[in-house]
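Please read these points with the sequence and the model open side by side.

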Amino acid sequence: MGDQDRTGPGLERARPEASQARVSPEPQAPAQQATRSAPASLGFPVELGPIVMVSIVCKYSGALRCQADHGPSHSRLETDAPLDNQGKGERFSPTDLVATALASCILTVMGIMAERHGWALEGCSARVEKTMTTSGRRKIAKLEVWIQWPVGLEDQAKAVLQRAAEGCPVKESLEGTVAMELHWI
């Protein structure tokens, strides 16, 4: 691993160089590890564990394309500028990824809750439509998501899953910045 020391699956931290190491004559108190809790919209407290930092490295490839490498998984994706903004539109645009992040986050949070309760969520899908501004600075004006329930899911389960989805981290992060509307079908 060279000068990297594994600290968990896909997580790395730099090893201090010998010249930087300090010896302290007094024992240090154990470091407090920051933790996070689920959003209040879930309706009950859920401890989510330590805060984890993820590193993603993006490189400009030319021709309005970028590639992004995900540190923990070593997976790669490419982006392209959209047709309406001088690009070829051959890949997801950066703002398409924001829309995709919202839809996939909703489904992921619902999946976590469904697994916790033993509910089958397979077949659930989300379709997201992204609307860009037409004047002023170019930005996302609205994200609208249609979530299709799987067949046979009971109303009580739907209510719990909908509440969980409303508190997904991406939605919470965009709240107040981008108009969002969720439709349950």
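**Notes on the predicted model**

1. Helix α1 (residues 94-117) and helix α2 (residues 155-166) have axes that come within 8 Å and cross at roughly 140°. Axes here are lines fitted to C-alpha atoms, for helices over the stretch in contact, and angles run from 0 to 180 degrees between N-to-C directions. α1 and α2 are therefore oblique to each other; angles under 35 degrees count as roughly parallel, over 145 as roughly antiparallel, 65 to 115 as roughly perpendicular, and the rest as oblique. The crossing of α1 past α2 is right-handed, a term used if the near helix is turned clockwise from the far one by less than a right angle, and left-handed if anticlockwise.

2. Which residues of α1 meet α2? On the α1 side they are Ile106, Val109, Met110, Met113, Ala114 and His117, and on the α2 side Val160, Leu161, Ala164 and Ala165. Contact means heavy atoms within 4.5 Å. Sorted by class, the contact of α1 with α2 has 9 nonpolar residues, 1 polar residue and no charged ones. Ala, Val, Leu, Ile, Met, Phe, Trp, Tyr, Cys and Pro count as nonpolar, Asp, Glu, Lys and Arg as charged, and the others, Gly among them, as polar.

3. A word on the source. This is a predicted model, in which local features need pLDDT of at least 70 and side-chain atom pairs count only at pLDDT 80 or more, while totals for chains, interfaces and linings use all residues. Residues are numbered from 1 along each chain as its sequence is written, and side-chain values use heavy atoms, with hydrogens and water left out.

4. The protein has 3 helices and 10 strands, in the sequence pattern β-β-β-β-β-β-β-α-β-β-α-α-β. Helices (H or I, at least four residues) and strands (E, at least two) are DSSP runs, numbered from the N terminus. Of the 185 residues in the protein, 27% are buried, that is, under 20% relative accessible area; exposed is over 50% and partly exposed lies in between (1.4 Å probe, protein chains only).

5. An open sheet is formed by 3 strands in the order β5-β6-β7, with antiparallel pairing. Two strands pair if DSSP finds at least two bridges between them. β5 (56-62) and β7 (76-80) are the edge strands, each pairing on one side only. From one strand to the next, the twist averages 25°.

6. How many bridges join β5 to β6? There are 6 between β5 and β6 (residues 65-70). Tyrosine 60 stands opposite cysteine 66 in β6, and isoleucine 56 has histidine 70 of β6 as its bridge partner. β6 and β7 are joined by 5 bridges, and aspartate 69 stands opposite arginine 76 in β7.

7. Most residues other than glycine have a negative phi. Alanine 63 has a positive phi near 55° in the hairpin of β5 and β6, where 2 residues lie between the strands. At 55% relative accessibility, alanine 63 counts as exposed. The hairpin of β6 and β7 has 5 residues between the strands, and histidine 74 there takes a positive phi near 65°.

8. Is glutamine 86 buried or exposed? Glutamine 86 counts as exposed, at 70% relative accessibility. Glutamine 86 sits in the loop between β7 and α1 and has a positive phi of about 75° although it is not a glycine.
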